[in-house]
Amino acid sequence: MSDVRQHAEEIREQFSEHLDLTADEIEERLDNLVNEYRVPLEEARRSVVSHYLDEAGLERDDVRSGGGGGSEKVNVEDVNEDEQWLGLTAKVVDLWDPRSDAVGQVGLLGDETGTIKFTKWADSDLQELEEGAVYRFGNLVSDEYQGDYSVKLNRTTTIEEVDEDIEVGDDTAEVEGALVDIQSGSGLIKRCPEDDCTRVLQNGRCSEHGEVEGEFDLRIKGVLDDGSEVHKIIFDKEATEDLTGIGLQEAQDMAMDALDTTVVAEEMREKTLGLYYRVAGPTMGRYLLVDELEELAGPTDTEDVLIKARSM
Ligand SMILES: [Zn+2]
């Protein structure tokens, strides 16, 4: 069954007690929005649902929740499929500045099992969420982007503040494998000195604050291959020094001598690529932030892993 067809079936089910709809007519509406107007499927669904709510003279709470099996209550760690309709009881751990006018609020939700990004659309007519508060959410939709999951609040989402606190889990992870790549933006970098900014500068510019006098820092964005999949990992200054034996002052001296900061990342690559490590630390989106590091005496067939890295 096509995605559009499946959504049509689900919407028909949602309204089965209120409207006499056929999956065909719902599919036609969805299809028109998706294929004619290039509206993303999730948005199209929201719009079609809202159309039928109007037609039936109903509020969103009056109809059954969307999604085949309804809005299943899950934990954050269980969100691992795209476009699932689900319910969560979670704390607003962090609120970020929306980058787009279409987004009302964006940030991080957490429960005992970990944290997940959420997005609330500006036109969803939902209440403002407050940092530190715990809510029971119904009718969230999961979203997957490059292996990273998030949840979206939409017009059908229900929100109920709960008078309890949640100890948010820090989903730490451990990965073992060969370091197969050190990506650009690694080595000796400069960060924006503005309060609470710390963005990495590109050609002396901060994407938020423009041209600034940056502060030197060390970082490695690495890729670890465990034999079956690759993991993106970030080493902060301490972990980078631990990994490479190169400290901030030494890195600055190297760059000064060469009149070029890229020599630092080059030297780091030579010292570490193809070696085996076990790393552990909290995960942030699709990155693991290394705070424990151990070099392993792993397989030394670096040719094989380097070929894999190039074909990524
Ligand atoms: Zn900045």
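Which strand is G210 found in? I looked this up and found G210 in strand β11 (residues 210–211).

**Entry: ground rules.** I am working on a predicted model, where local features need pLDDT of at least 70, side-chain atom pairs count only at pLDDT 80 or more, and totals for chains, interfaces and linings use all residues. Residues are numbered from 1 along each chain as its sequence is written, and side-chain values use heavy atoms, with hydrogens and water left out.

**Entry: G210, continued.** I checked burial, where buried means under 20% relative accessible area, exposed over 50%, and partly exposed in between (1.4 Å probe, protein chains only). G210 counts as buried because its relative accessibility is 13%. I then took the C-alpha distance from G210 to C192, which is 9.2 Å for residues 18 apart along the chain.

**Entry: overall layout.** I noted 7 helices and 16 strands in the protein. The C-alpha atoms fill a box of roughly 75 × 45 × 40 Å along the principal axes. Of the 312 residues, 43% count as buried. The domain assignment gives domain 1 (3–62), domain 2 (72–162) and domain 3 (172–310); bounds of this kind come from an automatic or database domain assignment. I took the centres of domain 1 and domain 3 over C-alpha atoms, and 47 Å separate them.

**Entry: the cavity.** How many cavities of 30 Å³ or more does the count give? I get 1 cavity by this rule. The search runs on a 1 Å grid over the protein atoms alone, and a cavity is a set of points where a 1.4 Å probe fits but cannot get out; lining residues have an atom within 4 Å of a point. Grid points are joined across faces, edges and corners, and the volume is the space filled by probe spheres set on the points. The largest cavity has a volume of about 40 Å³.

I listed its lining as E42, E43, R45, R46, W85, W121, V141 and N154. Helix α3 (residues 41–56) gives the most to this lining, with 4 residues. Domain 1 (3–62) and domain 2 (72–162) each supply at least three residues to the lining of the largest cavity. By class, I have 3 nonpolar, 1 polar and 4 charged residues in the lining. The classes are Ala, Val, Leu, Ile, Met, Phe, Trp, Tyr, Cys and Pro as nonpolar, Asp, Glu, Lys and Arg as charged, and the others, Gly among them, as polar.

**Entry: rings.** I searched the whole structure for aromatic pairs and found 2. One of them is tilted, Y135 with F137, because the ring centres are 5.7 Å apart and the planes stand at 45°. The rule pairs rings of Phe, Tyr and Trp (its six-membered ring) with centres within 6.5 Å; planes under 30 degrees apart count as stacked, over 60 as edge-to-face and the rest as tilted. Both Y135 and F137 are buried.

I also looked for a charge over a ring, which asks for NZ of Lys or CZ of Arg within 6 Å of the ring centre and within 35 degrees of the ring normal. The charged end of K190 sits over the ring of F216, 4.9 Å from its centre.

Entry: Is D125 buried or exposed? D125 counts as exposed, because its relative accessibility is 63%. Its place is the loop between β4 (114–121) and β5 (134–145). Phi of D125 is near 55°, a positive value in a residue other than glycine.

N203 is exposed, with a relative accessible area of 80%.

**Entry: further buried positions.** V34 is in helix α2 (residues 23–36) and counts as buried at 17% relative accessibility.

S150 lies in strand β6 (residues 148–153) and counts as buried at 8%. S150 and D82 are 68 residues apart in sequence and 9.0 Å apart in space, C-alpha to C-alpha.

V162 is in strand β7 (residues 158–162) and is buried at 11%. I noted 39 Å between the C-alpha atoms of V162 and C206, which are 44 residues apart along the chain.

Notes: On a 1 Å grid over the protein atoms alone, a cavity is a set of points where a 1.4 Å probe fits but cannot get out, and a pocket is an open set with protein on both sides within 12 Å along at least five of seven lines; lining residues have an atom within 4 Å of a point. Helices (H or I, at least four residues) and strands (E, at least two) are DSSP runs, numbered from the N terminus.
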